[in-house]
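Subject: Structure handover

Hi,

Here is the structure I promised to pass on to you.

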Amino acid sequence: MRRSHRKRNPRRTPGPERVLILSADVGEGHAAAARALAEQIEASPEQAEVTVIDGLAAMGPLLRPVVEDGYRVQLRFVPWTYTIIYWLLEHVLPVRAIARRLLRLFGSRPLARTIAEYEPDVIVSTYPAVTVVLASLRRRREVNCPTIATITDLTGLFFWAQPGIDMHLVMYDESMESVERIAGEGSVSLVRPLISAEFLEPRHAGDSRRSLGLPEEGRMVVVSGGGWGVGDIAGAVKEFTRVPEVTSIVCLAGRNEQLEHKLRSAFENEPRVHVYGFTDEMPALLAAADVLVHSTGGVTCLEARAAGTPVVSYGLPVGHARINTQAMAALDLVLLAKDTDELREHVQASFSSSDELAGEPHPGSSQSAQPAAVDLVLKATRRVRQIPVWRLRLAALGTWAGLLFVLGSWILSTDEVTTVAAKVLKVHPLVRVATSQPDVGVIVHTPARDVAPVASALAARGIHVSFADDAHAPSDGRVDALSAYGDELLPEVPGSSPLRWLGTRGTLRSQARALGLHHHFYYLQPRGGLSVGQLVLARTAGAIPVRGALRISATAPLPQRPMRAGDVLVVELDGSAASVAGLERIVAWLGSDGLGAEPLARLIRSPAINSSSSGDRASSAAPVTSSASDATSGTPPSGVGPKLSPKSSGASTSGTTV
């Protein structure tokens with residue numbers, strides 16, 4: 001790419017019109033179109049100043065390797081993946097929208113800064129990805145000069161054409177309707193192909209062959225893989241070595257040095273095969289050739305049409321190359337070969353056609369009546385209606401509000417920062433209770449449908465526990481039944497999920513009302529822990545979480561660590577006979593250490609030990625002893641009220657008030 005070395009003054013000074021061309025080194029076609037336009041501008045009597053830069057590189061260091069190197073690797077090694085990506089971009093609107101969004105997100109600011117350095121009067125893009133970002137900058141008032149995009153393909157224009165481009169220059173009349181459908185009426189103009197003027201100069205095939213040192217007699221075939229040397233070049237060349245009438249086969253490997261070396265090694269003993277790397281001799285080669293076999297289409301096909309050379313497409317039927325060449329074949333602009341048999345047939349048919357058309361004007365001459373691209377570029381006018389400032393500000397405000405909403409929702413829905421939030425809110429989940437009795441508070445977590453049968457089975461064995469049943473508000477009958485068994489129900493919040501935390505306060509309050517709990521009360525937190533939203537809303541409901549010193553499955557092996565008096569143990573049951581037997585096994589294991597199992601409410605009402613003498617207070621639990629005045633005020637952080645009978649304390653046996 002050429003770059004002007006003239007430094008721009010901070011202040012704009014009068015001078016010739018400045019044209020900035022944004023191209024990309026993604027295939028030779030985009031760069032060739034940029035060079036051709038620059039040549040036209042430099043030869044124009046308007047004496048405009050033109051600068052060509054790599055627009056993809058100007059969009060920042062991230063996009064260039066992803067787009068350019070990724071595209072090159074795909075076409076050379078796994079071309080079928082490009083077909084999938086291209087199909088998704090063309091047919092799946094959300095995928096296309098995401099791709100555009102990512103291009104704008106990463107490329108807008110760097111490209112805007114680069115454009116500002118050159119202070120152009122008009123900007124031309126020859127590469128679709130750059131066009132997407134340029135159009136966005138134009139509509140958002142970050143670029144105020146006219147913008148132009150060149151389109152060298154016939155189809156697949158969903159990135160080539162953009163509403164934010166003032167004018168699209170197309171090389172095929174058939175493309176105009178598609179562009180206007182995307183970018184609006186009056187957004188497109190048909191121009192002469194953006195190719196070097198050398199392709200339009202009259203050339204004799206014999207003279208061109210002599211200048212290239214090739215045989216003047218017989219048939220000559222040029223096989224091209226484009227600027228990157230992709231496609232089945234070797235297969236095509238091998239097929240033509242079997243055609244006696246072909247005296248010269250020219251292989252164009254482009255910038256693919258590995259392919260060039262491979263072709264030279266493969267055909268070193270075949271004198272008819274001539275291998276070229278990247279070459280400036282394309283005008284002479286096309287004039288000398290009887291037919292061009294090309295893998296990618298694009299600008300090379302325009303050059304061949306201008307030179308009057310028939311084109312057969314073969315070797316890379318993927319992505320936009322397949323769709324573009326299929327459309328060109330439907331218009332009889334190229335012949336499309338699916339395999340080497342069709343390739344040979346089409347090439348031999350082209351030989352016959354070239355004989356019949358010998359001496360007649362070449363097909364490209366009919367386009368000379370179209371205006372040159374330079375005339376439209378130097379007279380470019382503004383067409384795009386830019387987005388009003390108020391809409392841009394409203395969109396920016398909406399974007400930030402959306403981001404804050406998403407971030408806030410994530411923070412409130414996750415348990416990643418709950419520990420920090422608990423410290424800020426001074427919420428201490430209950431782990432153990434300071435007590436002088438050798439008991440452990442047991443909470444059984446089981447589905448609501450299994451609570452009654454499990455409680456009955458445990459009561460028959462003299463085991464009494466607290467139950468939690470997946471955050472259901474219990475009926476009066478269930479509360480009375482558990483009270484008769486000597487058990488209790490504990491409020492609970494369900495596991496955290498996006499936005500489900502919003503119902504935390506209502507869930508806890510409905511359970512508390514059903515259980516006769518008032519003011520401050522305990523609830524069982526989910527197995528995975530509380531989200532920030534659950535923690536905050538539960539606190540506003542006056543609820544204190546119970547985490548427990550240990551949480552295990554009834555059917556799991558017995559824990560290795562011993563339990564201590566006052567620990568809260570949460571046991572997961574599934575309601576099966578095996579899980580009930582597992583709970584009995586856990587209670588027996590506690591008994592072997594001299595510990596009994598009690599519901600949480602009874603453990604909290606048990607006499608407290610003297611913390612100064614025992615040093616056995618739970619580090620994160622709500623204190624369990626206080627004076628009667630503390631109980632009246634309902635402030636569990638300073639202690640739990642005197643353990644009176646249910647009637648006098650205001651608590652039923654199905655819950656605990658603190």
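Predicted model: local features only at pLDDT ≥ 70, side-chain atom pairs only at ≥ 80, totals over all residues.

Let me start with helix 10, which covers residues 257–266. Its buried residues are Leu259, Glu260 and Leu263. Looking down the axis of helix 10, you will see these buried residues fall within an arc of 100°, so they line one face of the helix. What do they pack against? The buried residues of helix 10 are in contact with helix 9 (233–240), strand 8 (246–252) and strand 9 (273–276). Turn to the face of helix 10 that points away from the buried side and you will find the exposed residues Glu257, Gln258, His261 and Lys262.

Next, the aromatic rings. How many aromatic pairs are there? The count comes to two. One of them joins Tyr86 and Phe158, with 5.4 Å from centre to centre and 50° between the planes, which makes it a tilted pair. Tyr86 belongs to helix 4 (residues 79–91), while Phe158 is in the loop between strand 4 (147–151) and strand 5 (167–170), so this pair ties together parts that are 72 residues apart in sequence. Tyr86 and Phe158 are both buried.

Phe158 also pairs with Phe159, this time edge-to-face, at 5.5 Å centre to centre and with 65° between the planes. Why does Phe158 count as buried? Its relative accessible area is 12%, and the cut-off for buried is under 20%. Phe159 is buried as well, with a relative accessible area of 12%. Taken together, the ring pairs link Tyr86, Phe158 and Phe159 into a cluster.

There is also a charge over a ring to look at. Which ring does the charged end of Arg255 sit over? It is the ring of Phe278, and the charged end of Arg255 lies 3.7 Å from the centre of that ring.

Finally, the cysteines. A search of the whole structure for disulfides finds zero. Two cysteines to look up are Cys145, which is buried at 10% relative accessibility, and Cys301, which is buried at 3%.

Definitions and conventions: Residues numbered from 1 in each chain as written. Heavy atoms only, no water. Buried < 20%, exposed > 50% of the residue type's maximum accessible area, 1.4 Å probe, protein only. Helix = DSSP H or I, 4+ residues; strand = E, 2+ residues; numbered from the N terminus. Arc of directions from axis to C-beta. Contact = heavy atoms within 4.5 Å. Phe/Tyr/Trp six-rings, centres within 6.5 Å; stacked < 30°, edge-to-face > 60°. Lys NZ or Arg CZ within 6 Å of the ring centre and 35° of its normal. Disulfide = S-S within 2.5 Å.
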